[in-house]
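The following note sets out numbered points on the model for a colleague's reading. Please consult the sequence and coordinates alongside it.

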Amino acid sequence: KRYYGSLVTAVEQQTAPGAYIVTNVWWLDQICAPLYPSRTFLVTTTPEETAGALRLLERHGVRVATLIWSNESGEAGRMATADTCFSMGREVEIPERRLVLASANCRG
């Protein structure tokens with residue numbers, strides 16, 4: 001319980017209410033369910049899906065998002081903003097499951 005609680009707390013502290021979170025960590029939205037009323041999770045499984053989710057956010061006027069991935073799978077798990085208006089900003093590491101939270105801002 002403490003492990004999951006620390007994950008939820010870290011995501012809550014690193015994202016603002018109303019935030020859009022794009023992640024390729026399939027279980028993260030389930031663990032962070034207590035944040036559903038204040039954050040929106042979009043789970044993607046491929047780089048193409050990630051780009052599509054970011055383009056969808058852009059079309060709806062969203063200019064800031066948070067990307068979350070795990071470094072457990074090495075560079076293969078790292079998320080990117082290629083082919084979107086978003087560019088990566090500050091990255092914060094969370095020790096549990098080697099998660100990385102990165103801010104992404106739309107330049108357009």
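How many bridges join E1 to E3, and do they run parallel or antiparallel? Three bridges join E1 to E3, and the two strands run parallel.

1. Basis of the note. This is a predicted model, in which local features need pLDDT of at least 70 and side-chain atom pairs count only at pLDDT 80 or more, while totals for chains, interfaces and linings use all residues. Residues are numbered from 1 along each chain as its sequence is written, and side-chain values use heavy atoms, with hydrogens and water left out.

2. The sheet. Five strands form an open sheet with mixed pairing, in the order E2-E1-E3-E5-E4. Helices (H or I, at least four residues) and strands (E, at least two) are DSSP runs numbered from the N terminus, and two strands pair if DSSP finds at least two bridges between them. Strand E2 (39-43) and strand E4 (86-94) each have a single partner strand, so one side of each is left without a neighbour in the sheet. On average, neighbouring strands are turned by 25° against each other, direction ignored. Axes here are lines fitted to C-alpha atoms, for helices over the stretch in contact, and angles run from 0 to 180 degrees between N-to-C directions.

3. Strand E1 and its partners. Four of the five residues of E1 are buried, so this strand is largely enclosed by the rest of the structure. Buried means under 20% relative accessible area, exposed over 50%, and partly exposed in between (1.4 Å probe, protein chains only). E1 pairs with E2 in the parallel sense over five bridges. Valine 22 stands opposite leucine 42 in E2, and its bridge partner in E3 is leucine 67.

4. The E4-E5 pair. E4 and strand E5 (residues 99-106) run antiparallel and are joined by seven bridges. Phenylalanine 86 has cysteine 106 in E5 as its bridge partner.

5. Helix H1. Helix H1 (residues 2-14) packs on the sheet, touching strand E1 (19-23), E2, strand E3 (64-70), E4 and E5; contact means heavy atoms within 4.5 Å. The direction of H1 makes about 140° with that of E4. With 13 residues, H1 reaches 18 Å from its first C-alpha to its last, close to the 18 Å expected at 1.5 Å a residue. The expected span is 1.5 Å times one less than the number of residues. The buried residues of H1 are Leu7, Val8, Ala10 and Val11. They cover an arc of only 160° around the axis, which puts them on the same side of H1; the arc is that of the directions from the helix axis to the C-beta atoms. Arg2 and Gln13 are exposed on the other side of H1. The cover over the buried residues of H1 includes E1, helix H2 (28-31), E2, E3, E4 and E5.

6. Helix H3. Helix H3 (residues 47-59) lies across E1, E2, E3, E4 and E5, at about 165° to E1. Its buried residues are Thr50, Ala51, Ala53, Leu54 and Leu57. Seen down the axis, these residues fall within an arc of 160°, so they line one face of H3. Glu48 and Arg59 are exposed on the face turned away from the buried side. E1, E2, E3 and E4 are included in what covers the buried residues of H3. Glycine 61 follows H3 and has a positive phi, near 80°.

7. Aromatic pairs. A search of the whole structure finds two aromatic pairs. In one of them, the rings of tyrosine 36 and phenylalanine 41 have centres 6.0 Å apart and planes at 55°, so the pair is tilted. Rings of Phe, Tyr and Trp (its six-membered ring) pair if their centres lie within 6.5 Å; planes under 30 degrees apart count as stacked, over 60 as edge-to-face and the rest as tilted. Tyrosine 36 is partly exposed, at 43% relative accessible area, whereas phenylalanine 41 counts as buried at 13%.

8. Most residues other than glycine have a negative phi. Aspartate 83 has a positive phi of about 65° although it is not a glycine. Aspartate 83 lies in the loop between E3 and E4 and counts as exposed at 69% relative accessibility. Arginine 98, also not a glycine, has a positive phi of about 50°. Arginine 98 is found in the loop between E4 and E5 and counts as partly exposed at 49% relative accessibility.
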